Amino acid sequence: MSGRHLLGITDLGVDGIDEVMRLADTFVEVGRRPIPRVPALRGKTVVSTFFEDSTRTRLSFEAAAKRLSADVMTFTGSSSSLNKGESLRDTVLTIAAMGADAFVVRHGCAGVPAQVAGWLDQAGGASVLNAGDGAHEHPTQALLDCFTISREREARFGARPARPGVLRGLRVAIVGDIRHSRVARSNVLAFSALGAEISLVAPATLLPPSLAGWPVEVSHDIDALLPKCDVVYLLRLQNERMTEQFLPTLREYTATYGLTAERARLLGPSTIVMHPGPIRRGIEIAAEVADSPVSVITTQVANGVAVRMAVLYLLLGSGAPIGA
Ligand code: NCD
């Protein structure tokens, strides 16, 4: 990884993604130890600065930092001095003055992590890790998804992929609210960089206004696609980012695009089903499908800690061996 920040998937390139995935393999092993901790980031301070709701991403980053022996500070936008009128810049510089080495930033507006990185470049130079900015990017989600696909295929089917294009030849369908999804944007970049063929499956209203330059095909017929996919990647309807009525009813969405139990029977024998969470049972995925062996949703969460350890280590580590 060359730069100091991780703002988007293009900061990494194919080799950078591969480097993260290789290191994450090591950290999965660390996570299985009785004491899942290494001293690699002892003395470093990681601040999680979340201005938008999160369960898994915030806890995953914090667990990753702690397993690397970093000190962790947690900032939550809704209970901060922002409510007293402090500007975002002053808040960031205040935290930086306490000696933070990395800011993990989630914000409802696209571009905030890049803005924070700009301020920090002039004030001591802490790293910024984008933990999701508006409908823009969520790079560590895409990294953990690439890692999960690669490992699952190896574990389930003995398919040891050639590096660095570990998803070469795989067919991935991304289904749902692509228009408002930062996960979709980061995943299209990461999956295509690693060689996957990508289909977007969504109602026309939930596709971005333009797909110019996106290396994808578009389909509105999930039933035709399911038997041909290696990976079905479902997305939540991002109601919090919808400014208009994009769908007639939720029931119609589920009937046309939801992975119902009936539809799941169309999946090929080696297909895996993924979702970044939070899932909404009965809407984009039936409860019994989410809980069935085709679903790797909890594996994604588990892998997320190892992948975030890898990213933190690459950005903040001294390059010295990871340690005992
Ligand atoms: C996603 C997000 O916040 O972008 N969740 C996550 O981080 N795992 C997707 C979502 O909220 O639907």
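Predicted model: local features only at pLDDT ≥ 70, side-chain atom pairs only at ≥ 80, totals over all residues.
1. A disulfide is a covalent bond between the sulfur atoms of two cysteines. Take Cys-146. The cut-off for a disulfide is two cysteine sulfur atoms within 2.5 Å. Cys-229 is likewise in no disulfide.

2. **Where these cysteines sit.** Cys-146 is buried, and its relative accessible area is 0%. Cys-229 has 7% relative accessibility and also counts as buried.

3. Which residues are around the ligand? They are Arg-56, Thr-57, Arg-106, His-138, Gln-141, Arg-182, Val-183, Arg-236, Gln-238, Pro-276, Gly-277 and Pro-278.

4. The side chain of Thr-57 has an N or O atom 2.9 Å from a ligand oxygen. For His-138, a polar side-chain atom is 2.8 Å from an oxygen atom of the ligand. For Arg-236, the corresponding distance to a ligand oxygen is 2.7 Å. The ligand on its own has 320 Å² of accessible area, and the protein covers 95% of it.

5. **Arg-236 in its setting.** Arg-236 belongs to the loop that runs between strand E8 (231-234) and helix H8 (250-257). Is Arg-236 buried or exposed? Arg-236 is buried, because its relative accessible area is 16% and the limit for buried is under 20%. Its side chain makes a polar contact of 2.7 Å with the side chain of Glu-240. Leaving aside residues up to four places away in sequence, Arg-236 touches Asp-177, His-275, Pro-278, Arg-280 and Glu-284. Pro-278 is also one of the residues around the ligand.

6. **Helix H4.** This helix spans residues 112-121. Its buried residues are Val-112, Pro-113, Val-116, Ala-117, Trp-119 and Leu-120.

7. **What H4 packs against.** The buried residues of H4 pack against helix H3 (88-97). They also pack against two strands, E3 (102-107) and E4 (127-133). Arg-106, one of the residues around the ligand, falls within the range of E3.

Note on methods
Residues numbered from 1 in each chain as written. Heavy atoms only, no water. Buried < 20%, exposed > 50% of the residue type's maximum accessible area, 1.4 Å probe, protein only. Helix = DSSP H or I, 4+ residues; strand = E, 2+ residues; numbered from the N terminus. Contact = heavy atoms within 4.5 Å. Near = heavy atom within 4 Å. Polar contact = N/O pair within 3.5 Å; in protein donor to acceptor, adjacent residues only side chain to side chain. Areas by Shrake-Rupley, 256 points an atom, 1.4 Å probe, with all protein chains shown as cover.
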